[in-house]
Amino acid sequence: MAYVEHSRDVTAPAGGARVEDYLALLKPRVMSLVVFTAFIGLLLAPGGINPVIGAIAILCIAVGAGASGALNMWYDADIDAIMSRTANRPIPAGRMERDHALAFGLILSGFSVVLLGLATNWLAAGLLAFTIFFYAVIYTMWLKRSTPQNIVIGGAAGAFPPMVGWAAVTGTVSLESCLLFAIIFLWTPPHFWALALYKQSDYGAANIPMLPNVAGEQATKVQILLYSVILVATTLVPGFIGFMGPLYMAAAVVTGAGFVWLAWRLFRTTESKAMRKAGRTLFTYSLSYLFIIFLALITDRVVQMLGWL
Amino acid sequence: MTDPIKPEDKDAELIARRRRRSIALALALAAFVLIFYVLTLTKFGPALFDRPL
């Protein structure tokens, strides 16, 4: 027993966080999705951008997203300690002091916003600053613990990156960039509610008012199905307004049908174990779905540019 | 059962972690300076070299 306690002392010395712990604060998996969608937004924007400046813009967006992750972990350390999914994060695991995460997040936020403004334009920088503020303050500090609609509104934070990428090139916010925003915004609720359905005991223990804990499983399944239909309908709009071509539309229809079918299957399940399994399947599928939709956006654009379709 | 970790081992671990953090911070700052330098050159563009000597 003495060994166990002592070894914990060594892994959790005050001020002794590892470099990897600081990297973990940046939520690398979330960051990878942010980088991907921002990159697509940047590539789709009309006008083009110097590759060096484009790379710096993506780096700034990635660091800004990471900074908001660090601020989230600073504020949520108490509830992270309760949930199995987050208990091993640097602060709840005792490997890092909270103040260090706060300082790290604030410094990275400042650097990423200022550098993006200097490299591209101040609209893009302002949008990035607003994204960080929205995630850290509006979502993390306010909505997450107070309303079951937390991830509906909070989903906006994850939806801004392609808009920031677009603004970095054009210096504007347009209908097309709003559509990219809308796709991620509408994708977020079914994605997270599917997770919440099979992790609801975690959220319940941490006293987070996720929809399944507050409104019940049936209401959540209805909401997931509704949002899935609206999401898939929205993904078709780029084709209808001429922003995207047949290749994108084909991908959106096929993958969208799969999304709605999985949401329908989840809606039809009544037995608890089957529901958790269906929730997990939809959650996993939704990750691939968003990736494919954004990949289809850029592939369609490239194919059109090359004149293949 | 393994022997308890000695205090000097703990100190060595702390020093090693601090050293790795310092190196990471130095690299991050160097990268930041390099990014700023490259950004400045890129912003100037070819005009940077188009001037009387």
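This is a predicted model: local features need pLDDT of at least 70, side-chain atom pairs count only at pLDDT 80 or more; totals for chains, interfaces and linings use all residues.

**Cysteines, helices and loops**

To recall the term, a disulfide is a covalent bond between the sulfur atoms of two cysteines. Two cysteines may be considered for their surroundings. Cys60(A) is buried, with a relative accessible area of 2%. Cys178(A), by contrast, counts as partly exposed, at 34% relative accessibility.

Helix H9 of chain A covers residues 175-198, and helix H14 of chain A covers residues 272-306. Their axes come within 7 Å and cross at roughly 160°. Angles over 145 degrees count as roughly antiparallel, and H9(A) and H14(A) are therefore roughly antiparallel to each other. As to handedness, H9(A) passes H14(A) in a left-handed crossing. What kinds of residues make up the contact of H9(A) with H14(A)? They divide into 18 nonpolar, three polar and two charged.

Next, I draw your attention to helix H6 of chain A, residues 98-119. This helix has 22 residues. From its first C-alpha to its last, H6(A) reaches 32 Å, close to the 32 Å expected at 1.5 Å a residue. Which residues of H6(A) are buried? Among them are Ala101(A), Gly105(A), Leu108(A), Ser109(A) and Ser112(A). Further along, Val113(A), Leu115(A), Leu116(A), Gly117(A) and Ala119(A) are also buried.

I now come to two loop residues. Lys27(A) has a positive phi of about 50°, although it is not a glycine. Lys27(A) lies in the loop between helix H2 (19-25) and helix H3 (28-44) of chain A. Is Lys27(A) buried or exposed? At 12% relative accessibility, Lys27(A) counts as buried. Asn207(A), also not a glycine, has a positive phi of about 65°. The place of Asn207(A) is in the loop between helix H10 (200-205) and helix H11 (211-214) of chain A. With a relative accessible area of 65%, Asn207(A) is exposed.

Finally, I return to helix H3 of chain A, where Gly41(A) lies. At 0% relative accessibility, Gly41(A) counts as buried. How far apart are the C-alpha atoms of Gly41(A) and Met210(A)? They are separated by 30 Å, and the two residues are 169 residues apart along the chain.

Terms used. Residues are numbered from 1 along each chain as its sequence is written. Chains are lettered from A and ligands numbered from 1 in the order in which they are written. Side-chain values use heavy atoms; hydrogens and water are left out. Axes are lines fitted to C-alpha atoms, for helices over the stretch in contact, and angles run from 0 to 180 degrees between N-to-C directions. Helices (H or I, at least four residues) and strands (E, at least two) are DSSP runs, numbered from the N terminus. Angles under 35 degrees count as roughly parallel, over 145 as roughly antiparallel, 65 to 115 as roughly perpendicular and the rest as oblique. A crossing is left-handed if the near helix is turned anticlockwise from the far one by less than a right angle, and right-handed if clockwise. Ala, Val, Leu, Ile, Met, Phe, Trp, Tyr, Cys and Pro count as nonpolar, Asp, Glu, Lys and Arg as charged, and the others, Gly among them, as polar. Buried means under 20% relative accessible area, exposed over 50%, partly exposed in between (1.4 Å probe, protein chains only). The expected span of a helix is 1.5 Å times one less than its number of residues.
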